[in-house]
Amino acid sequence: MFIDGQWLEPGPSFEVTNPANGEVIGAVADGAKEHAAAAIDAAHRVFPAWSTSTAYARAEVLSKAHQLMLERKQELAELMTTEQGKPLKASLNEVQYAADFLRWFAEEAKRIYGETIPSARADQRFLVRYQAVGVVAAITPWNYPISMITRKVAPALAAGCTVVLKPAEATPLCAIAVFKILQEAGVPDGVVNLVTAQDPKPIGEEFCTNPLVKKLTFTGSTPVGKKLAQDCAPQLKRVSMELGGHAPFIVFDDADPEHAAKGASLVKFLNTGQACISPNRMFVQRDIVEPFVATLEKRVAVMQAGNGLQPGISIGPLVNEAAVSKVATQVEDAVAKGATLHAGGQRLTDDELANGHFYAPTVLSQVTPEMLIYREETFGPVAPVIVFDDYDEVIEMANDTHYGLAAYIYTQNLSRAMRTFEALNFGIIGINDINPTSAAAPFGGMNESGLGREGAREGIAEYLETKLGGFSI
Ligand code: NAD
């Protein structure tokens, strides 16, 4: 753990394992409530100095962290693959994405402009300024173990906030590597603090109830996000929530089914389906279902599962056994209720895969609303295809979820693309595009997929308080 500029001496610890083979790859400090409280105290103590440092000084530190992260891209990516399981190429892409947030928010720090507003009174002037909200508590997930940290820490630091972060218990080593970079980049003692813990609950309780914490930013599942938001409510702490998704992927019959299926397979099986913006329901118009499914099947047939450090691997392990059984349950339920299985549909246990948490990339068609997979976030390598006939029907089906994070549309018809973009209740929509994300673009969900946005100018606003001055002259 890193508290008030010090790496804590080893005390109680917990093991970290490689999900591809079960090997123990490290042990990290098992933090308790009092560590969270000490970290919050440190962050509170240094807040006045950090929040009144110049935007140029804060930008300088973030730029240096950006540079260090890129210099260490390869080693960070190897660590990520070993700890989290995604193929090395995907880890390299994630480190780049993570570094992008450091640079973007280094630049944005200098653009926290205020406003002057005309008054109806001749002797009055209104001045609006934006200032840092205070100590920020952050909780991040394991599926994007480096970029989810920089997406929070970079805007918080740029705004002038101080931070206490609790990373996911499955990926604390990536978090430690990021904090070493922040320390080396010159972030002053106490401005960023890291509390690792095997049991997240006591840390979460301290974050939500300690009055020195002014904001909680969370990325993870919807049930945990709701619980934390409830716990923050008595003190009316600000919250940002990046939660689960259940993304529709809509392919209209004027689209090229093979091109759409290629896009679908690239985004669906990325990170073995463990992404909040992963397509979870593939709605394909009746006339083109056959070529769409055939292309998916062909692409899945050549995907190789294994340890992501080896060349040619495109399917890494799932995070743990619970994830494997959730996927297996959804697939078995769908098949029992009449879905057709075109590929996969089982756990992978050949040779060295037996020691990891592998599930075969799977394609299902004839998926219907009675099936679990139609309603639940899968977070695994399953592409469920659902047939639709007309426009109104597909919009209704796509919006029929309490989630609202990402959606995808494939069509060559511009007005249909625009109408669908406007009709879908989702925060991020790819139109003939499978990667609608960037440090410069607002990321976040509607409905029970979250509150607030990360990245873009919206991302820094989440860490700023609006202050109005009315001057009588
Ligand atoms: P999770 O909610 O179980 O865990 C996320 C984080 O919350 C971890 O750090 C965990 O330790 C912590 N946590 C869990 N219970 C807690 C508690 N009671 N108090 C305090 N902290 C607690 O989620 P997960 O299964 O690890 O992650 C997957 C979920 O995250 C999926 O639903 C996915 O869609 C979502 N996700 C969303 C985004 C987004 O930007 N919207 C990005 C990545 C992941």
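Analyst: The answer below starts with the sheets and then moves to the other topics.

This is a predicted model, in which local features need pLDDT of at least 70 and side-chain atom pairs count only at pLDDT 80 or more, while totals for chains, interfaces and linings use all residues. Residues are numbered from 1 along each chain as its sequence is written, and side-chain values use heavy atoms, with hydrogens and water left out.

Helices (H or I, at least four residues) and strands (E, at least two) are DSSP runs numbered from the N terminus. Two strands count as paired if DSSP finds at least two bridges between them. The pairing of strands in a sheet goes through backbone hydrogen bonds, either parallel or antiparallel.

An open sheet of 7 strands runs in the order S14-S15-S16-S13-S12-S17-S18, and its pairing is mixed. S14 and S18 are the edges; each has a single partner strand, so one side of each has no neighbour in the sheet. On average, and with direction ignored, neighbouring strands of this sheet are turned by 20 degrees against each other. Angles here lie between N-to-C directions and run from 0 to 180 degrees, with axes as lines fitted to C-alpha atoms, for helices over the stretch in contact.

Contact means heavy atoms within 4.5 Å.

The loop between strand S14 (340–343) and strand S15 (362–365) holds Asp351. Phi of Asp351 is near 45 degrees, a positive value in a residue other than glycine. As background, most residues other than glycine have a negative phi, and most peptide bonds are trans. Asp351 has 70% relative accessibility and therefore counts as exposed, where exposed is over 50% relative accessible area, buried is under 20% and partly exposed is in between (1.4 Å probe, protein chains only). Asn432, in the loop between strand S18 (428–431) and strand S19 (450–451), also has a positive phi, of about 55 degrees, and is not a glycine. At 32% relative accessibility, Asn432 is partly exposed.

A further open sheet has 3 strands in the order S5-S6-S20, with antiparallel pairing. Its edge strands are strand S5 (115–117) and strand S20 (464–472), each of which pairs on one side only. Neighbouring strands of this sheet are turned by 25 degrees against each other on average, direction ignored. Strand S6 (residues 124–132) and S20 pair antiparallel over 9 bridges, and Phe126 stands opposite Gly470 in S20.

Strand S3 (residues 13–17) and strand S4 (residues 24–29) are joined in the antiparallel sense over 5 bridges. Ser13 has Ala29 of S4 as its bridge partner. S3 and S4 form a hairpin with 6 residues between them, and Gly22 in the turn has a positive phi of about 80 degrees.

Among the helices, the axes of H3 (residues 73–84) and H6 (residues 172–184) come within 9 Å and cross at roughly 160 degrees. That makes H3 roughly antiparallel to H6; the classes are roughly parallel under 35 degrees, roughly antiparallel over 145, roughly perpendicular from 65 to 115, and oblique for the rest. From H3, the contact takes in Leu76, Leu79, Met80 and Glu83; from H6, Pro172, Leu173, Cys174, Ala177 and Ile181. These residues divide into 8 nonpolar, no polar and 1 charged. Nonpolar covers Ala, Val, Leu, Ile, Met, Phe, Trp, Tyr, Cys and Pro, charged covers Asp, Glu, Lys and Arg, and the others, Gly among them, are polar.

A search of the whole structure finds 0 disulfides, a disulfide being a pair of cysteine sulfur atoms within 2.5 Å. Cys232 is in none, and its nearest cysteine sulfur, that of Cys208, is 3.7 Å away. Cys232 is buried at a relative accessible area of 0%, and Cys276 is buried at 18%.

Asn210 sits in the loop between helix H7 (200–209) and strand S10 (213–219) and is buried, with a relative accessible area of 10%. Apart from neighbours within four places in sequence, Asn210 is in contact with Ala37, Ile40, Gln235 and Lys237.
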